[in-house]
Amino acid sequence: MVSQIKHRGVVSSIDGDCVRVTITRHSACSSCKAKHFCSSSESKDKVIDIPTPLATSFSPSEEVVVMAALSQGTTAVVLAFVIPLMLFVGALVAGLKLLLWSEPLSIGVAFLLILLYYLVLALNRRWVSSKFSFSIEKLSDMPSGTVSD
């Protein structure tokens, strides 16, 4: 069973004991022949700062593998999607059924609650980032076939 999430990336810079890695994520339809006609085919760059005592052993433009525990992916999904969905549905049901508000008011309050949730999450960025840790390895040091990205 897979216990780690692995992504290929390229070292964009090194600052002290921190390696900045750019990961280019391609959508699932990147191999589709009709991608030129579709607006959903895209690639997105993600930049991750990875503190490591081995930062000096990496160099800019070097291909690396960024790894995180699978449980961290689950935590990210819960924080980013599950909790906001529960807040939205809970606020909507409470507004409509318990408080007997109109639909527009209930929806507005539900959206404000989600906005407030993401604001609190952003203000507690240090706590959130303490829940996630990444490790980095040189692509050349990885056994072949262990990284699918």
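Of the protein's 149 residues, 21% count as buried, where buried means under 20% relative accessible area, exposed over 50% and partly exposed in between, with a 1.4 Å probe and protein chains only. This is a predicted model, in which local features need pLDDT of at least 70, side-chain atom pairs count only at pLDDT 80 or more, and totals for chains, interfaces and linings use all residues. Residues are numbered from 1 along each chain as its sequence is written, and side-chain values use heavy atoms, with hydrogens and water left out.

The protein has 3 helices and 5 strands. Helices (H or I, at least four residues) and strands (E, at least two) are DSSP runs, numbered from the N terminus. Their order from the N terminus is β-β-β-β-α-α-α-β. Contact means heavy atoms within 4.5 Å. Among contacts between residues at least 6 apart in sequence, 69% join residues at least 24 apart.

Now the helices. Two packed helices are described by the angle between their axes and the distance between the axes.

Which residues make the contact? Helix 1 contributes Leu79, Ala80, Ile83, Pro84, Leu87, Phe88, Ala91, Leu92, Gly95 and Leu96. Helix 2 contributes Glu103, Ser106, Ile107, Ala110, Phe111, Leu113, Ile114, Tyr117, Tyr118 and Leu121.

Gly90 also lies in helix 1. Gly90 is partly exposed, with a relative accessible area of 35%. Gly90 and Ala110 are 20 residues apart in sequence, yet 8.1 Å apart in space, C-alpha to C-alpha.

Next, a loop. Glu62 sits between strand 3 (43–51) and strand 4 (63–69). Is Glu62 buried or exposed? Glu62 is buried, at a relative accessible area of 17%. A polar atom of the Glu62 side chain lies 3.0 Å from the backbone nitrogen of Ser59. Leaving out residues up to four places away in sequence, Glu62 touches Gly9, Val10, Val11, Ser57 and Lys138.

Definitions and conventions:
A polar contact is a pair of N or O atoms within 3.5 Å; within protein, one must be able to donate a hydrogen and the other to accept it, and residues adjacent in sequence count only if both atoms are side-chain atoms.
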